[in-house]
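Subject: Handing over a model, with notes on its side-chain contacts

Dear colleague,

Please read them alongside the coordinates.

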Amino acid sequence: MAGEAHDSAAILASARQSLTHQRAGGRRRGSIGRRSAELKRRHLARKAARVALAIGAVMLATMIAGLVIGGIGVVGLFAAVLAGLAVLAFFSTFPRLKVPDLRALNSGDVRTMVGRTELWLEAQRPALPAPAVRLVDRIGVQLDSLGVQLEGLDPAEPAVAEVRKLVGEHLPGMVESYRRIPAHLRNEQRGGRSADQQLADALGKVSGEIDEISRQLAAGDLDALAVRGRYLDYKYGDALGEAPQLQSPQLSPPKET
């Protein structure tokens, strides 16, 4: 009886955990953040509007044709249905949501920059090792919070520019550096670590840096944040050299002087 009770409790706990995951983060399989999900919803809304307009146009054309020729008959009705299905199939598929260009990520307002970066990172997940995918998903959650914090700041603040560079250039640049390494070379040891391990280490440090930046933003310490941004710029600039020599940056908070 005790064993059955234990099994039942374990099943219930697993079910609750699964339900919580589905409510809070289960959608991460599709979107790593709210901003990218928002861009996808807008794209789908535009698609739905195009479908409605196109089907409306088919119906209007059918009605006009029926009035002009005195009825379209069964063949005409069948042709109208086929035209409606063709329109539905075409506009439900095209245009596809384009993956943002790497060079265009750090452009537009903060909301757009964060959304584009999340979309770009989502598109790279199939090419990344499992530990890196989990870190990318975590970073997506962090970028949502960071984007909200940046929206409340003056875009002219030097600290904002440094954070935008970290999120819109250095982070995706590191992932792109990994992707340029041929797949058969990614498990080779370089400096005691493979490219997969280096990428996971680097993304883990980026996640930690984003968390620290969010804390500094919450504290309103923009001067310290600007110094940290320049420090990260220097360190990541070294890390993002040639792709086959991807190195995870050794990050630590800059010392106060």
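A salt bridge here is a side-chain nitrogen of Lys or Arg within 4 Å of a carboxyl oxygen of Asp or Glu. This is a predicted model, in which local features need pLDDT of at least 70 and side-chain atom pairs count only at pLDDT 80 or more, while totals for chains, interfaces and linings use all residues. Residues are numbered from 1 along each chain as its sequence is written, and side-chain values use heavy atoms, with hydrogens and water left out.

The salt-bridge rule gives a count of eleven. One of them joins Arg-103 to Asp-101, with the closest N and O atoms 3.2 Å apart; Arg-103 is exposed at 77% relative accessible area, whereas Asp-101, at 39%, is partly exposed (buried means under 20%, exposed over 50%, partly exposed in between, with a 1.4 Å probe and protein chains only). In another, Glu-122 pairs with Lys-40 at 2.8 Å between the closest N and O atoms. Glu-122 is buried at 9% relative accessibility, and Lys-40 is partly exposed at 23%.

As for the aromatic residues, two pairs are present (ring centres of Phe, Tyr or Trp, the last by its six-membered ring, within 6.5 Å; planes under 30 degrees apart are stacked, over 60 edge-to-face, the rest tilted). Phe-90 and Phe-91 have ring centres 5.1 Å apart and planes at 90°, so this pair is edge-to-face.

Best regards
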